[in-house]
Amino acid sequence: MLITVFGANGYQAKLVLGELSRHDVDLRLVGRNAERVDAAAAAVGIVGADRRVATAEDHTALVAALAGSDVVINCAGPFTGSGEAVVRAAIDVGAHYLDTSGEQLYLKSIFDTFAGAAEHAGVTVLPSANDGCVPTDLLAQLLAEQAGPFAEITISHVITGGGGPSRGSLRSVLATIDAMSMGGLAYDNGHWRTGLPARRSTVTLPDGRSVDVAGLPLCEVITIPRHVQVGYVEGVVEASLKAALGRPIPTELIQNLPEGPTELDRNRQRFTYVLDAVDPEGKPTRGVIQGTDTYGTTAVVAVEAARRLAAGESKPGVLAPAQAFDATGFLEALSHHGLSWTIDTDMA
Ligand SMILES: NC(=O)c1ccc[n+]([C@@H]2O[C@H](COP(=O)([O-])OP(=O)(O)OC[C@H]3O[C@@H](n4cnc5c(N)ncnc54)[C@H](OP(=O)(O)O)[C@@H]3O)[C@@H](O)[C@H]2O)c1
């Protein structure tokens with residue numbers, strides 16, 4: 001089983017490589033600078049793995065670098081602009097593809113652009129295999145099996161601690177600042193629309209704390225309606241985070257920041273992702289995902305997904321997580337890494 005990591009010397013990629021090293025897989029590292037890729041391999045303690053040089057912009061070099069892979073894990077953000085080229089090359093070489101993107105419009109464009117090509121090539125394309133999109137999308141499926149169909153779902157992301165975003169995440173914020181400011185796409189009766197004001201302005205967390213929230217382009221807004229019968233889906237985050245993201249750090253200053261949070265900071269971070277669903281009669285249901293360390297969890301999610309794709313667990317096409325994997329089985333696998341989930345269908 002050959003798993004290739006593209007953008008292999010980035011902060012997230014090194015966590016992915018560390019996670020891959022714990023499994024019996026063959027590895028290939030691809031980046032646009034050989035010295036940086038070698039340094040990343042050394043930093044993770046990888047010796048002897050195949051290494052190639054390619055940029056997303058050079059299709060011929062990219063195809064040569066990805067050829068022979070069973071799965072490509074693309075960690076080269078921002079994905080807006082460069083991601084489609086990597087998807088195209090993976091499909092061309094007949095490899096399954098996944099990435100760690102959190103960029104909502106990019107995710108939608110992958111569904112819109114590559115569905116037919118992926119099916120035709122017999123490969124699975126799974127954009128946004130990250131800490132938020134995969135567990136929340138899978139939980140939405142379990143919620144729907146117990147209490148659906150739904151009139152409305154609100155997805156809330158609340159993160160505390162963690163030492164702040166990586167340089168790559170800050171660049172992705174810059175690349176998508178217009179969508180961030182507008183609140184992103186909401187799903188409204190069969191269509192994704194921009195500019196809809198968020199219906200919820202506060203969310204009560206499982207610990208009883210009430211937080212002010214505001215619309216942000218979350219990826220699950222794109223994936224959940226593909227397998228859950230629902231009229232309306234929106235994504236929100238803490239209003240204070242949205243305000244901070246609206247004042248992005250300029251590119252020249254990002255370069256001077258640490259590449260990402262330290263392991264200590266990551267271990268101190270807590271995330272809570274809440275799915276508040278309401279059925280057509282107004283009955284509420286809630287699903288909650290909780291865990292620690294968003295970047296570490298993304299590495300575990302991406303590697304678990306890659307191994308399942310390589311094992312032939314999924315059908316071809318561009319898929320939402322719950323279309324690709326058994327929801328309970330995947331969430332069980334994540335529970336061994338500190339992720340927990342609950343479903344409450346009997347809310348007062
Ligand atoms: N929940 C979420 O939404 C979530 C969670 C985790 C990660 N992410 C996303 O994952 C991405 C990676 O983050 P990070 O912190 O690892 O970023 P990073 O440290 O900046 O790493 C990005 C990597 O991609 C490479 N790259 C960028 N553009 C390229 C191109 N056109 N061709 C070839 N290589 C290219 C860079 O190469 P050079 O070193 O040569 O520049 C670098 O190796 C970000 O977009 C982040 O938002 C999202």
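Select Ser128 first, in the loop between strand 6 (124-126) and helix 6. This is a predicted model. Ser128 has a positive phi of about 65 degrees, although it is not a glycine. For context, most residues other than glycine have a negative phi, and most peptide bonds are trans.

Next come two exceptions on the peptide-bond side. Go to Gly77 and Pro78 and show the backbone: the bond from Gly77 to Pro78 is cis, with omega near -5 degrees. Pro78 sits in the loop between strand 4 (71-74) and helix 4. Then move to Gly148 and Pro149, where the peptide bond is also cis, and omega is near -5 degrees. Pro149 belongs to the loop between helix 6 (133-147) and strand 7 (150-160).

Now select helix 4 (residues 79-92) together with helix 5 (residues 104-121). How are the two helices set against each other, in angle and in distance between axes? They pack at an angle of about 10 degrees, with their axes 10 Å apart. That angle makes helix 4 roughly parallel to helix 5, because angles under 35 degrees count as roughly parallel. To see the contact, show side chains on both helices. From helix 4, pick Phe79, Thr80, Gly83, Glu84, Val87, Arg88 and Ile91. From helix 5, pick Tyr106, Ser109, Ile110, Thr113, Phe114, Ala117, Ala118 and Ala121. Coloured by class, this contact shows nine nonpolar, four polar and two charged residues.

Zoom out and colour by domain. The domain assignment gives domain 1 as 2-129 + 298-327 and domain 2 as 133-294 + 334-344. Taken over C-alpha atoms, the centres of domain 1 and domain 2 are separated by 23 Å. Where the two meet, 25 residues of domain 1 are in contact with 30 residues of domain 2.

How many cavities of 30 Å³ or more does a search of the whole structure find? The search finds one. The largest cavity holds about 40 Å³ of space. Select its lining: Gly102, Glu103, Gln104, Leu105, Thr176, Ala179, Met180 and Pro217. Helix 5 and helix 8 (177-182) are the elements that give two or more residues to this lining. By class, the lining of the largest cavity has four nonpolar, three polar and one charged residues. Why does the largest cavity lie between the domains? Domain 1 and domain 2 both give residues to its lining, so the cavity lies between them.

The last stop is the second largest pocket, which contains about 340 Å³ of space. Its lining is made of 18 residues. To centre the view, select Leu15, Arg22, Arg266, Gly296 and Ala299, which lie nearest the centre of the pocket. Then show the helices around it: helix 1 (11-20), helix 2 (34-44), helix 12 (263-268) and helix 13 (294-310) each supply at least two residues of the lining. Which helix gives the most to the lining of this pocket? Helix 1 does, with five residues.

Colour the pocket lining by class to see six nonpolar, six polar and six charged residues.

Terms used: Residues numbered from 1 in each chain as written. Predicted model: local features only at pLDDT ≥ 70, side-chain atom pairs only at ≥ 80, totals over all residues. Heavy atoms only, no water. Axes fitted to C-alpha atoms, helices over the stretch in contact; angles between N-to-C directions. Helix = DSSP H or I, 4+ residues; strand = E, 2+ residues; numbered from the N terminus. Parallel < 35°, antiparallel > 145°, perpendicular 65-115°, else oblique. Contact = heavy atoms within 4.5 Å. Nonpolar A, V, L, I, M, F, W, Y, C, P; charged D, E, K, R; others polar. 1 Å grid on protein atoms, 1.4 Å probe; cavity = no way out; pocket = protein on both sides within 12 Å on 5 of 7 lines; lining within 4 Å. Points joined across faces, edges and corners; volume = space filled by probe spheres on them. Domains from an automatic or database assignment.
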